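Please examine the sequence and the model shown below. The paragraphs that follow lead from the whole chain to its details.

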Amino acid sequence: MRHDLSQINIEIECTYMTKGAVMPFCKGCGHTHILRKLDEALIKLNLNPHDVCLVTDIGCIGLADYLFDKVHTVHTTHGRSTAFATGIALADKVLSTKNLKTIVLIGDGGAMIGLLHIVNAALLNTDVTVIVANNFLFGMTGGQQSSFSPLEFITQTSPYGNIIPPLDLCKVAMSSKAQFVARKISTDKDLVDVFADAISYDGFSIVEVLELCTEYAVEKNKLTGKDLQRIAEEHDHHLGILENRKTRSEFSLEYSEKILSNKKTLDLFNNFINAENLEIDFTKKFGKEKLEIIIAGSAGEKVQSSAAILCQVAAQSGFFITQKNDNPVTQGSGFSLSEVIISSEEIFYTGVDNPFAFIIVSSDALNEIISQRLFEKVNKNTIIIYDESLEIPIKTEKMYSLPLRRVCSPNKAALGGIDVLLNLTEPFPLQLFYSEIEKRFGKYDALYKDNLIKILTEKSTK
Ligand code: SF4
Ligand SMILES: [Mg+2]
């Protein structure tokens with residue numbers, strides 16, 4: 001891309017734009033029209049600038065961020081802007097003000113790379129407006145063909161003319177249940193109104209705007225702005241507002257009604273207990289120590305789901321948690337391993353450096369731990385709870401050999417090991433753990449715990 005700023009020096013005076021900023025695009029580039037019209041649409045809607053979030057993609061259109069310094073801007077990776085916007089919009093609707101208007105600015109290159117994100121946002125019907133600046137090629141990287149290039153279009157990568165039909169994005173959006181869909185030309189007089197309607201639409205909306213890349217498309221294809229309508233018509237890509245209905249609820253409303261108000265979800269929230277007091281107990285007992293716990297067994301023996309129960313209970317008790325799972329690509333055979341971290345402080349690194357405990361319930365697990373050299377991180381205080389059938393090649397001061405597989409069954413051996421660990425250390429109330437097990441696995445036989453603890457006590461008194 002060559003941006004010759006001396007060619008153009010437009011002082012931007014509009015409300016939502018940065019005072020004195022200069023449009024960074026080549027002379028005549030359609031992006032200038034699109035951004036000016038977007039600004040006018042925001043002015044028309046009179047939105048609080050803090051209720052607007054522009055999410056930009058990679059490409060020339062992605063240079064828009066610094067032109068809009070009054071509103072929130074997020075610059076994202078190529079093609080992924082709609083996915084980021086979906087998350088931003090959902091977070092606002094579910095957790096925050098519910099007022100945010102999230103607008104994606106993406107080129108046809110980005111839309112091609114991230115097509116499924118657009119499809120997914122449309123299917124969800126999140127309150128996101130996607131503005132696709134379609135100039136039929138990748139501008140920023142030198143004018144290569146995109147999935148939107150018209151037939152016979154000459155680009156850097158189609159020097160004899162494109163022979164692949166262009167994607168009809170509006171049809172894709174409509175077949176993905178989008179209910180506000182428009183295809184416009186960047187110089188259309190009513191583009192401001194269409195943008196305003198799309199942004200104020202309560203749900204997913206998309207406006208594809210046809211425009212020209214003056215640097216790479218105009219000369220090679222002998223085009224003027226007047227050709228845009230012809231190009232659209234030749235490919236049967238209809239112009240105008242193609243869909244404007246409201247028969248679907250915006251996603252967060254569906255989510256609130258059908259998921260958040262669901263009895264199971266409410267029960268989960270009700271299970272949250274006074275985290276503040278727990279944190280004090282936890283800090284008293286463990287200081288600022290992070291509890292790094294490695295739980296390992298064999299595939300198909302509920303190792304990772306047992307670790308997930310531990311995490312769930314820790315999170316319900318107000319702690320920060322991470323869970324990192326590992327297993328061979330062949331699901332269902334070999335080892336299964338979870339690295340869990342529980343901390344009263346935010347966790348910024350998910351690796352295990354200083355293991356608090358190991359729970360090892362099968363030979364697959366032991367072999368993997370040895371081959372990953374995880375025992376090299378052990379210190380004298382590391383707790384090692386392991387099945388009686390295993391020979392552990394290291395020694396710490398806290399080794400507990402137990403008949404986990406025999407007493408609990410292979411499927412509940414990891415759970416039994418976690419149970420023993422929690423009984424030994426009590427980082428949070430055990431009752432939470434048992435009730436969570438019952439919810440997920442059905443009744444947890446208290447005999448497992450009683451038997452294991454009895455064996456433990458007998459061993460320690462010998
Ligand atoms: S899209 Fe084309 S005309 Fe516009 S700024 Fe980029 S290279 Fe220049
Ligand atoms: Mg483009």
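Among contacts in the protein chain between residues at least 6 apart in sequence, what percentage join residues at least 24 apart? The share is 67%, where two residues are in contact if their C-beta atoms, placed from the backbone, lie within 7 Å. This is a predicted model, in which local features need pLDDT of at least 70, side-chain atom pairs count only at pLDDT 80 or more, and totals for chains, interfaces and linings use all residues. Residues are numbered from 1 along each chain as its sequence is written, while chains are lettered from A and ligands numbered from 1 in the order in which they are written.

The protein chain contains 17 helices and 15 strands; these are DSSP runs numbered from the N terminus, helices being H or I of at least four residues and strands E of at least two. Of its 462 residues, 43% count as buried. A residue is buried if 20 or more other C-beta atoms, placed from the backbone, lie within 10 Å of its own, exposed if 12 or fewer do, and partly exposed in between.

Consider next an open sheet of 7 strands with mixed pairing, in the order β2-β1-β3-β4-β8-β7-β9. Its edge strands, β2 (72–75) and β9 (240–244), each pair on one side only; two strands pair if DSSP finds at least two bridges between them. Strands of a sheet pair through backbone hydrogen bonds, either parallel or antiparallel. Here β7 (residues 180–185) and β9 are antiparallel, over 4 bridges, and valine 181 has glutamate 243 in β9 as its bridge partner.

The largest nonpolar core has 72 residues, and Val104, Leu105, Ile131, Val132 and Phe195 have the most contacts inside it. Such a core is a set of buried Ala, Val, Leu, Ile, Met, Phe, Trp, Tyr and Cys residues joined through C-beta atoms within 7 Å. Helix α6 supplies the largest share of this core, 6 residues. Apart from it lies another core, of 46 residues, among them Phe358, Ile384, Val407 and Val420.

Tyrosine 386 lies in strand β14 (residues 383–387). Is this residue buried or exposed? Tyrosine 386 is buried, because 23 other C-beta atoms lie within 10 Å. Not counting residues up to four places away in sequence, it touches Ile360, Ile392 and Ser401. Tyrosine 386 and glycine 417 are 31 residues apart in sequence, yet 7.5 Å apart in space, C-alpha to C-alpha.
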